[in-house]
Amino acid sequence: MKPNNITNPHLDEDIRRKSRYLIAFVLVLLGILILRLFFMQIINGSYYEELSRNNRVRIIPIPAPRGKIFDRDGVVLADNRPAFNVMVLPEDISKPEDISRRLAPLLDRPASEIMQAIHKGKSKPYDPLVVARDIPFNQVAKVEMEMFNLPGVSIEIIPEREYLFGDLGSHVMGYIGEISKRQLEEKEGLGYAPGDLIGKSGIELVSEDNLRGVKGKRVFEVDAHGQRVRVLEEREPVPGRDVKLTIDHDLQVIARQGLGDKAGAVVAMIPGTGEVLVMESTPGFDPGVFAASLTVRQWKDIVEDPMHPLENRAMRGAYPPGSVFKVVVTLAAFRKGILDPDATVFCPGHYSLGRVIFRCWKPEGHGNVDLVEAITKSCDVYFYTLGRALGIDAIAEVGLQLGLGAKTGIMLPDEAPGLMPTRAWKRKRFGQPWHPGEHVIAAIGQGYTLVTPIQVAKAMSAVVNGGRVYTPRVLSTSEPALERELAIPRRQVDLIRRGLQGVIEDAHGTARSLRDKDISMGGKTGTAQVARGYVSKLPDEADIPYKYRDHAWFFGFSPVENPEIVVVALVEHGGHGGAVAGPIVRDVIKGYYLLKGSGNEQVRQDN
Amino acid sequence: MSRYARITENLDWGILATTAVLMVIGLLCIYSSTSVVGSGIFFRQLLWICIGTFFLVVAFAVDYRNLMYSAWPLYGAVLLALVLVFIIGKEISGARRWIVFGPFRMQPSELAKVFVIIWMAYWAEKKKHILIHGMRELVFPAVVILVPVSLILLQPDLGTAGIVSFIAAGMFLLLGIRRSTLLTVGGLFLAGLPFLWFSLKGYQRLRILTFLDPSRDPLGSGYHAIQSKIAVGSGGLIGKGFLHGTQTQLRFLPEHHTDFIFSVVAEEWGFLGSGLLLFLYMTLITKIITVGLKAKDRFGALLCFGIAAYFTLHVFINISMAVGIFPVVGVPLPFVSYGGSFMVINLICIGIVLNVAWRRFIF
């Protein structure tokens, strides 16, 4: 840079001198690049051109085996089995028609279908494409025999998800399926590719990051015809990490047998830790069919099924709690200090509020009842009185503290919040004030209140364990999460538990048929009205159409002192709680002791 | 003489023309490399060039000496943006670099590069009585520079942090540093290298190791390097022609409209094309340095030298990466790579240089 004469004199000489180094520096750097380019493009150009013309390196990703899912005792619930997929690399197929025609009889499917599959990959000729998934072994043999005639076609062994117990526990397990566009965007940068299988619901979704593992790849060279010449490199996939659940598979089986072909849900929980032992919802679905091979027809059948098999009723189904809610009202009355457990209420079979009459479920009435009797006999009038005295807001406060009407925080997707109504809520929602009669019916769990079975399990666990509210959890690796401590006085817990014990063991208990001399057990029936008023007009339950029948609730716990297990069952349109839902709960509790191998010598010998 | 005539007469047309030609080459390559997926990216780049030109005019119109007074406020703004990245930034592939406003995303670390140049020039102007700097004088500016650099390292964005430090170091050298101080600082840096290595993320270490031995991992992080080299080399003397680069069109080359756009130039236009591109950069950069030499004050001169260093580093690192003599770091090619905020910032730099050139006769 010579024009020193016009350079500004204000710039100090020192910097001007040094800036020559800057120019030299620039020239040297760019000179290096020019030399390098000359070397690559002119001297070695033909070498690189050869490489680019024969860019015959192909990469086939090897999916990682997904982690297994175990129950709490190590029973394998979800595993992988080898499956054979027929893949094509569109780039290496010169005549798709020929290949399709040759493949069709081997795979026993129309050539047009295979053609279509190959065409789909036209825009991405270097991405391997699956044309047939999970083919039987005899077809594998046939295709292998013809391989020399099928350039660009390969058979890859792929780990396919296998759910060992079909639709049992399917809602907790969830399923995997082909990754959606939205998931691909959300997971940008995490190594997902179109066509990958990914957790879509349940544990498969929640623990996706643990379960998925790391893909491997096989790199090989192909010749000009697309035939594989040799493997250049192989990187083994890293299998996904296993996941252990808190679920007890054997109890799950018992719960399922109890539900039979009825629609409903069973939840069992350890009240002292929040561990979920059973979460079963019926009808279930076979999670295995979703792993990509699902046809449109199969999908429609599942989605359009009027029984909604995909719905996890244990946490998605929100129902009125029915008389189970009386436990919550009792606790609310204790906490407000308005309850004298020894004082009696006279039940004439109905309760009048102004000109409106609310019936007790027992038309002839219960006579004089105290708290324990009221719970045992499920006397509606007693609780109407409490509800009137408390008001909905006081009831809701305790309900919410116990976790009713809000998501429980269980780590499974799509939980329903249910509803714990308050005056403020009604004003906002309907623009109407709360009517006095609504306090009354809310006290027996009818009206606006909606709860899910998992919420009931959480709330009842807290009541029977003395007020410790634990977040329910299904992963055995997570720590017990104590949400809140209500510190219910010992005497109050005892009274409530005695009332609940009476439900089963007292001669007048509403579920006395469940009594089992070997097991100390308490519980509460519940009937969630579906169509109010309809029931009373038809004397015989069997005459009521299915969809108008009441939902049956039952919650049980055992032993009465220091409960180890809480079980909640809900049977949709099951009629009265004790008769349908009760036996399921009793069987699960019996099963719990039987599997524990303690507390009952008789059972152990039978085993 | 009318004001208009004065503007056109003293404007550095050479710099403007070179910039324009570079942008046209960039547009052609973006068009070619994204032709498979449609022309959306091409038009977006065109839009960004328009936006950037507007900013260029602003950067040219306002007397550059105003930048001197805004050095500290700008510095504060950059620090704020760099901190904001950690709070509201969008995480992509494990690094938090972007701030997203609706459809726009911005990398505050890009801004940091330019503001460091402005701050250094400001500092040089202020301390003009000191000719040779010793350790004591260096502590303050070093801390000022290291704060944004550390924030960028935390994102982590190794490439940008390196470029910012390099620009700052270059400007210190221009200003003059006592020899003993230079040796001490250099020694400290070498001693710190092992710590730097262990603070790198797994993928960053992998990239450096792969660079040292590409066959280590031909399909993982070595894949970019190998495929890019094949693309560049196979261009030969005259290239495969516009839209005919097989590496590009058949998608062997990832990120070919952003960080690997040079491979598109080299593959489709051959040695002639890539040589022309390098010649254009050389012209542009030496012109910027010349403007600096003629500048009427130390501030203007150092702005130009800093900007020249900034372009040089980007061009060198980006192309070195494409021809396999530098590890793969995400550094784009000025005026050619696709990228909105990067384009705007580059054009602002050109605006500042034109500003310095034009105002050298006005006192």
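In which loop of chain A does D414(A) lie? In this predicted model, D414(A) sits in the loop between helix 16 and helix 17 of chain A. Its phi is near 65°, a positive value in a residue other than glycine. Most residues other than glycine have a negative phi. D414(A) counts as exposed, because 12 C-beta neighbours lie inside 10 Å and the class takes in residues with 12 or fewer.

The loop between helix 16 and helix 17 of chain A also holds A416(A). A416(A) has 18 C-beta neighbours inside 10 Å, so this residue counts as partly exposed. With residues up to four places away in sequence left out, A416(A) touches M315(A), R316(A), A318(A) and T452(A). A further pairing spans the sequence: A416(A) and V451(A) are 35 residues apart along the chain. Their C-alpha atoms are 8.7 Å apart in space.

Helix 16 of chain A covers residues 392-402. Its buried residues are I392(A), I395(A), A396(A), V398(A), G399(A) and L402(A). These residues span an arc of only 165° around the axis, which means that they lie on the same side of helix 16 of chain A. Just after helix 16 of chain A comes G403(A), with a positive phi of about 100°.

Another positive phi in chain A belongs to H308(A), a residue other than glycine, at near 50°. H308(A) is found in the loop between helix 11 and helix 12 (313-316) of chain A. The residue is partly exposed, because 17 other C-beta atoms lie within 10 Å.

Cis peptide bonds were examined next. Most peptide bonds are trans. In chain A, a cis bond joins T282(A) and P283(A), with omega about -5°. P283(A) lies in the loop between strand 12 (276-282) and helix 11 (296-304) of chain A. The bond from S558(A) to P559(A) is cis as well, with omega near -15°. P559(A) is placed in the loop between strand 20 (551-558) and strand 21 (565-571) of chain A.

Chain B contains 15 helices and 3 strands. Of its 363 residues, 48% are buried. Among contacts in chain B with a separation of 6 or more, 72% involve residues 24 or more positions apart.

One helix pair of chain B was followed in detail. Two packed helices are described by the angle between their axes and the distance between the axes. The axes of helix 2 (residues 13-33) and helix 13 (residues 261-294) of chain B come within 10 Å and cross at roughly 160°. Helix 2 of chain B is therefore roughly antiparallel to helix 13 of chain B, as angles over 145 degrees are classed that way. The crossing of helix 2 of chain B past helix 13 of chain B is left-handed. On the helix 2 side, the contact includes G14(B), I15(B), T18(B), L22(B), I25(B) and C29(B). On the helix 13 side, the residues include I261(B), V264(B), E268(B), L277(B), L284(B) and K287(B). By class, this contact has 12 nonpolar, 6 polar and 2 charged residues.

Technical notes
Residues numbered from 1 in each chain as written. Chains lettered and ligands numbered in written order. Predicted model: local features only at pLDDT ≥ 70, side-chain atom pairs only at ≥ 80, totals over all residues. Axes fitted to C-alpha atoms, helices over the stretch in contact; angles between N-to-C directions. Helix = DSSP H or I, 4+ residues; strand = E, 2+ residues; numbered from the N terminus. Parallel < 35°, antiparallel > 145°, perpendicular 65-115°, else oblique. Left-handed = near helix turned anticlockwise from the far one by under 90°. Contact = placed C-beta atoms within 7 Å. Nonpolar A, V, L, I, M, F, W, Y, C, P; charged D, E, K, R; others polar. Buried ≥ 20, exposed ≤ 12 C-beta atoms within 10 Å, placed from the backbone. Arc of directions from axis to C-beta.
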